[in-house]
Amino acid sequence: LFFLLGLLIFSILYTTYYPVLFLVLALVLPIVLYIIIFYIRKNVLVQIDSLNSIGNKNEKISFEVSLKNNSKFPISNCEISLSYYNNFNDSIENEYIVIPADAGSTQTITCNIISKHCGNIMINIDKIKIYDYIKLFTLRKKVNCNAKVCVLPEIYNLDINLSHGENEVSV
């Protein structure tokens, strides 16, 4: 608002048409940015895919998050809200990922999580936030994508020595 007020005073004080042009541009630019971000929100898709459906405790478990931009405008900042829910200890962890995407392309990011507990982990994408190019506006889109990963306990090697002793029976 201070910027617009300054441009208004600047356009009144000077008689050339450049200050008026800057004032009109400053008034029209937010409207154009909002229309572009609204169009992008309608044409964006998010998917999640677990690369391995089974993982081990205290080891990396990989999954992919894909952002498909079907619009004609690139996305400079798209914030994806991830949540991890473990059935064993009922803990929920949240994480945010920022992904840019070109127009008409798909961006895929591989993410890793390490679970300290065994059980089934549900990885959910609840919502995404799409920012405009100068981060003046943001629009949210609710998404319901999830993936399930089973975390197994650690496996220990047991050394078993079989000795052939006197208790053998021969047939």
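1. Is S66 buried or exposed? S66 is buried, because its relative accessible area is 16% (buried means under 20% relative accessible area, exposed over 50%, and partly exposed in between, with a 1.4 Å probe and protein chains only). S66 is found in strand 3 (strands are DSSP runs of E with at least two residues, helices are runs of H or I with at least four residues, and both are numbered from the N terminus).

2. On the basis of the model: this is a predicted model, in which local features need pLDDT of at least 70 and side-chain atom pairs count only at pLDDT 80 or more, while totals for chains, interfaces and linings use all residues. Residues are numbered from 1 along each chain as its sequence is written, and side-chain values use heavy atoms, with hydrogens and water left out.

3. On confidence: the average pLDDT of the protein is 87, and 94% of the residues score at least 70 (pLDDT is the predictor's confidence in each residue, from 0 to 100).

4. More on S66: residues up to four places away in sequence aside, S66 touches L45, V46, Q47, T106, Q107 and T108 (contact means heavy atoms within 4.5 Å). With one of these, T108, S66 makes a side-chain to side-chain polar contact of 3.3 Å (a polar contact is a pair of N or O atoms within 3.5 Å; within protein, one must be able to donate a hydrogen and the other to accept it, and residues adjacent in sequence count only if both atoms are side-chain atoms). The C-alpha atoms of S66 and L29 are separated by 30 Å, and the two residues are 37 residues apart along the chain.

5. Another serine to look at is S62, placed in strand 3 (residues 60-69). S62 has a relative accessible area of 18% and is therefore buried. Its contacts, leaving aside neighbours within four places in sequence, are S50, L51, N52, T110, C111 and N112. The side chains of S62 and N112 are joined by a polar contact of 2.7 Å.

6. On strands 4 and 5: strand 4 (residues 75-86) and strand 5 (residues 91-101) pair in the antiparallel sense over 10 bridges (two strands pair if DSSP finds at least two bridges between them). I80 has I97 in strand 5 as its bridge partner. The two strands form a hairpin with four residues between them, and D90 in the turn has a positive phi of about 55°.

7. On strands 7 and 8: these run antiparallel and are joined by 12 bridges. Y131 has T138 in strand 8 as its bridge partner. The hairpin that strand 7 and strand 8 form has six residues between them. K135 lies in the loop between these strands, and its phi near 55° is a positive value in a residue other than glycine. K135 is exposed, because its relative accessible area is 52%. Its charged end sits over the ring of Y131, 5.7 Å from the ring centre (this requires NZ of Lys or CZ of Arg within 6 Å of the ring centre and within 35 degrees of the ring normal).

8. Strand 8 (residues 138-152) also pairs with strand 2 (residues 54-56), in the parallel sense and over three bridges. Here G55 has V151 as its bridge partner in strand 8. In the loop between strand 2 and strand 3 is N58. Phi of N58 is positive, near 60°, in a residue other than glycine. N58 counts as partly exposed, because its relative accessibility is 41%.

9. K129 is placed in strand 7 (residues 119-131). With a relative accessible area of 17%, K129 is buried. Neighbours within four places aside, K129 is in contact with N77, C78, E79, T138, L139 and R140.

10. On aromatic pairs: the count comes to five (rings of Phe, Tyr and Trp, the last by its six-membered ring, pair if their centres lie within 6.5 Å; planes under 30 degrees apart count as stacked, over 60 as edge-to-face and the rest as tilted). F10 and Y14 make a tilted pair, because their planes are at 55°, with the ring centres 4.7 Å apart. F63 and Y84 form an edge-to-face pair, 6.1 Å centre to centre with 70° between the planes. This pair links distant parts of the chain, F63 in strand 3 and Y84 in strand 4, 21 residues apart. F63 is buried at 0% relative accessible area, and Y84 counts as buried at 9%.
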